[in-house]
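Here is a short tour to read with the model open beside you. Take it one heading at a time.

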Amino acid sequence: MSTLEIETKKLIDRFHAQKPIRSWSMIISIFGDCVAPRGGELWMGNITEIMQMIGVSSGVVRTAMSRLASDGWLERTRIGRNSFYRLTNMGREAFDQATPRIYARGLTKGNGSWITAILSDGAGRAERRERLMDQGFGAIAPNVLIKPDNGQALPKSSEQIIYMCSSAPDDKAARLAKQAWNLTSLQQGYVEFIENYRGLGELLSEMDGNYSAIPTEVALVVRIMLIHDLRRLVLRDPELPQQALPDNWAGSVARELAANIYSKLKDRGEIWLDSNARNVEGNLPPLAPAFFERFQPL
């Protein structure tokens with residue numbers, strides 16, 4: 001077994017060590033990384049094959065696909081005995097929102113301002129609070145949430161939520177962020193990501209550009225595992241500006257490591273998709289232009 005295969009097995013073993021194993025989440029990673037930029041549709045046989053490379057049985061895959069369809073992420077087309085799955089409008093919108101965050105490179109600049117959301121009392125407040133937190137807000141009080149103003153438009157206020165812009169001195173920003181988000185847990189997640197992928201990054205660097213020897217299926221699996229592990233972190237990351245982050249923030253190091261590994265493996269993974277992946281019409285369409293913007297420097 002080659003060193004690269006050993007590193008790949010370690011990643012797969014860590015995935016299976018998680019309890020419970022969220023196979024449906026891995027399928028989401030496959031669609032987001034590999035399928036969305038190639039038309040958004042994939043043959044069930046390809047999904048099963050890729051998941052089996054990761055050690056997930058076909059029965060588990062079928063159950064996960066049924067869940068994703070019932071939850072509105074995917075829809076199925078049947079042609080004879082073959083099934084093809086594609087992203088629903090809801091699924092594509094969610095991917096479009098998440099993709100720039102997952103494949104970002106470098107620290108968020110920020111402008112030193114914050115968006116503050118004040119929730120009114122009454123029925124539905126808990127649901128509105130949870131919805132805001134899903135959008136990246138952090139709570140500093142039961143009815144007050146904040147989010148860094150990174151240039152997005154200020155949401156429109158309503159009777160249930162009042163939005164306003166505010167600012168905090170740089171020396172208070174880190175304290176405010178620590179109160180609103182569990183940055184300790186996120187920092188630990190980034191540190192573990194670096195530990196898990198550092199060996200692979202060093203191995204690829206030692207290959208000095210000679211990646212043609214990497215089996216295309218290995219490149220695809222590692223690329224998917226990389227994005228799966230990164231996605232689970234960055235979608236929890238409030239994308240704070242430098243002045244609000246703790247010292248020695250591991251997030252930027254993890255992103256740079258991911259970008260370097262991804263850039264070395266993405267083309268080999270695409271070769272596997274070109275040769276094997278199918279949709280209703282046959283071969284997958286060419287990559288969308290946005291694919292080539294992934295992990296580009298800010």
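The report below covers a sheet, a pocket and some backbone details.

## About the model

This is a predicted model, in which local features need pLDDT of at least 70 and side-chain atom pairs count only at pLDDT 80 or more, while totals for chains, interfaces and linings use all residues. Residues are numbered from 1 along each chain as its sequence is written, and side-chain values use heavy atoms, with hydrogens and water left out.

## The four-stranded sheet

Start with the open sheet, where four strands run in the order E5-E6-E4-E7 with antiparallel pairing. Strands here are DSSP runs of E with at least two residues, helices are runs of H or I with at least four, and both are numbered from the N terminus. Two strands pair if DSSP finds at least two bridges between them. At the edges are strand E5 (138-141) and strand E7 (161-167), each pairing on one side only. On average, neighbouring strands of this sheet are turned by 30 degrees against each other, direction ignored.

Strand E4 (residues 113-119) pairs with strand E6 (residues 144-148) over five bridges, in the antiparallel sense. Within this sheet, Ile-118 has Val-144 in E6 as its bridge partner. Helix H6 (residues 125-134) packs on the sheet and touches E4, E5, E6 and E7; contact means heavy atoms within 4.5 Å. The direction of H6 makes about 160 degrees with that of E4, where axes are lines fitted to C-alpha atoms, for helices over the stretch in contact, and angles run from 0 to 180 degrees between N-to-C directions.

## The second largest pocket

The second largest pocket holds about 340 Å³ of space. Of its 15 lining residues, the closest to the centre are Asp-96, Thr-99, Ala-290, Phe-291 and Arg-294. A pocket is an open set of points on a 1 Å grid over the protein atoms alone, where a 1.4 Å probe fits, with protein on both sides within 12 Å along at least five of seven lines; lining residues have an atom within 4 Å of a point. Grid points are joined across faces, edges and corners, and the volume is the space filled by probe spheres set on the points.

Helix H5 (residues 89-102) gives the most to this lining, with five residues.

## Backbone details

A cis peptide bond joins Lys-19 and Pro-20, with omega about -5 degrees. Pro-20 sits in the loop between helix H1 (3-17) and helix H2 (23-35).

Asp-208, in the loop between helix H8 (183-206) and helix H9 (216-234), has a positive phi near 50 degrees.
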